[in-house]
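Subject: Structure handover

Hi,

Here is the structure I said I would pass on.

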Amino acid sequence: MGSGTFRALRHRNFRLYAGGMTVSLAGTWMQQLAQSWLVYRLTHSEWMLGLTWFCANIPILLLSPITGLMADRYPRRRIVLYAQTGAMIQAVILAILTLTGHIQVWHVLSLAVVLGIASAFDIPGRQALFVHLVGKEDLVNAISLNSAVFNSARVIGPPIAGFVVAKLGEGTCFALNALSFLAVIFSLVAMDVVEPPQQGSAETPLQRLAHGFRYAWGTKAIRVLLVTAGAASLAAAPASTLAPVFAEEIFHRGAQGLGMLSGALGLGAILGTLSLAGRRGARGLHWVILLSTLGMGAGFIAYSWSDSFPFSLGIMTFLGTCIFRQNAANNTAIQTHVEDHFRGRVMGLYSMMVIGMLPIGSLISGALASAIGSRWTTCIGGFASLFAAAFVYFNRRTLQTWLDL
């Protein structure tokens, strides 16, 4: 890879961000795996797995438009700092309850909602912050590297979590996650970020929110990208939600197998997002989005019927490349062309589509898996990805015209 692949790291603020986030996100991935395994161990219910994911992500669906509006009104670094602190407190409580043997499923669900609220503030604030960390000239690179950081942590965290859960239990994972937040909180405090003063407006917050919706919906290319992101997230939900079932019931590998599957997904994601990092602009990204979404469809269908654990690890690596390459390309396409005073609100809508669709997909996945099985449910997700790819194909000229501006 050329030197341009990592050019955003020449900015001190982004180096601090990347270092802190790598540590913190590794802990977050550890907690996600341990939480899913804990719920499945306590209930052995696909429905409860779906409900847990629903609780963790429904606040993002409901609150992201509002928190995106706040990211256009208040200092973005401060929003991210407060959100990360709230997530750390949640992890501490979860660790204490688990380590003392008092944990119950309703505790996990309630604390998942708390984490979802913190994430609803964190995601649009963090996405809108990038332009202040690196400037517009390195924004494309920063978005790609952020995705690589996210998935580097996914490679590191889950395999460690699988080992820790097997040897020491879920509570230790939750405690390690709580400690990991100190890294990102320190990095945010140490940054020297200059955010331009927010422009005053005669509009009420509700009018500003409606204005943001009209801007996003009225710009056809943004509308297409947001719908595609939401459809892809719904399609990916079964594989994510039902991963413990595949690891335990199909592959008979337990928590360590679950960690390996998640790590393989993260490895593929790193390969996919780093390949985008050398780009200097958004031209041609519609083909990246189309081909990645097609790959997701084929990958999910193959994974759903695989009986070989090594083959499934390979499929997961391929899926990681496709899912996060599509995600990064979609994010880049929006961020490089959105007007800056709408950035927080549009990224709030983007968060709602990418993360906020997961609770709906998780509930549907849990219910379907209880009725028709995990394999068929994951296969249906693959066909949903193929429909999303068809939607991109029929709107490719709209995207090409917009991206070439």
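Let me start with a helix pair: helix 12 and helix 13 are roughly antiparallel to each other, since an angle over 145 degrees counts as that. Their axes cross at roughly 160° and come within 11 Å. As for handedness, this crossing is right-handed. Before you read on, keep in mind that this is a predicted model.

On the helix 12 side, the residues that meet helix 13 are Asn327, Asn330, Asn331, Ile334 and Gln335. Their partners in helix 13 are Arg343, Val346, Met347, Tyr350 and Val354. Sorted by class, the contact of helix 12 with helix 13 comes to 5 nonpolar, 4 polar and 1 charged residues.

What does Asn330 touch, if you skip residues up to four places away in sequence? The list is Leu225, Thr228, Ala229, Ile289 and Tyr350.

In general, nonpolar side chains in soluble globular proteins tend to be buried together. In this model the largest nonpolar core has 52 residues, and Leu261, Tyr303 and Leu319 are those with the most contacts inside it. Which helix gives the largest share of this core? That is helix 12 (residues 309–335), with 8 residues. If you want a way in, pick Leu261: leaving out residues up to four places away in sequence, it touches Ala247, Phe251, Tyr303, Phe309, Ser312, Leu313 and Met316. Apart from this core lies another one, of 35 residues, with Ala26, Ala91, Leu145 and Val193 among them.

Helix 1 (residues 12–43) packs against helix 6 (residues 170–190) at an angle of about 160°, and their axes are 8 Å apart. That angle is over 145 degrees, so helix 1 is roughly antiparallel to helix 6. Here the crossing is left-handed. The contact of helix 1 with helix 6 has 15 nonpolar, 9 polar and 3 charged residues.

Most residues other than glycine have a negative phi.

- His44 is not a glycine, yet its phi is positive, about 50°. It sits in the loop between helix 1 and helix 2 (46–71). With a relative accessible area of 52%, His44 is exposed.
- His252 is not a glycine either, and its phi is positive at about 55°. You will find it in the loop between helix 9 (243–250) and helix 10 (254–277). His252 counts as exposed, at 61% relative accessibility.

Helix 9, which His252 follows, has these buried residues: Ala243, Pro244, Val245, Phe246 and Ala247. Ala247 also turns up among the residues that Leu261 touches.

From Ala166 to Ser110, 56 residues apart along the chain, the C-alpha separation is 25 Å.

Last one: His211, in helix 7 (residues 205–218). This histidine is partly exposed, at a relative accessible area of 29%. Skipping residues up to four places away in sequence, His211 touches Glu203, Phe342 and Arg345. His211 and Phe342 are 131 residues apart along the chain, and their C-alpha atoms are separated by 8.9 Å.

That's what I have for now.

Cheers

How values were computed:
Residues are numbered from 1 along each chain as its sequence is written. This is a predicted model: local features need pLDDT of at least 70, side-chain atom pairs count only at pLDDT 80 or more; totals for chains, interfaces and linings use all residues. Side-chain values use heavy atoms; hydrogens and water are left out. A nonpolar core is a set of buried Ala, Val, Leu, Ile, Met, Phe, Trp, Tyr and Cys residues joined through side-chain atoms within 4.5 Å. Buried means under 20% relative accessible area, exposed over 50%, partly exposed in between (1.4 Å probe, protein chains only). Helices (H or I, at least four residues) and strands (E, at least two) are DSSP runs, numbered from the N terminus. Contact means heavy atoms within 4.5 Å. Axes are lines fitted to C-alpha atoms, for helices over the stretch in contact, and angles run from 0 to 180 degrees between N-to-C directions. Angles under 35 degrees count as roughly parallel, over 145 as roughly antiparallel, 65 to 115 as roughly perpendicular and the rest as oblique. A crossing is left-handed if the near helix is turned anticlockwise from the far one by less than a right angle, and right-handed if clockwise. Ala, Val, Leu, Ile, Met, Phe, Trp, Tyr, Cys and Pro count as nonpolar, Asp, Glu, Lys and Arg as charged, and the others, Gly among them, as polar.
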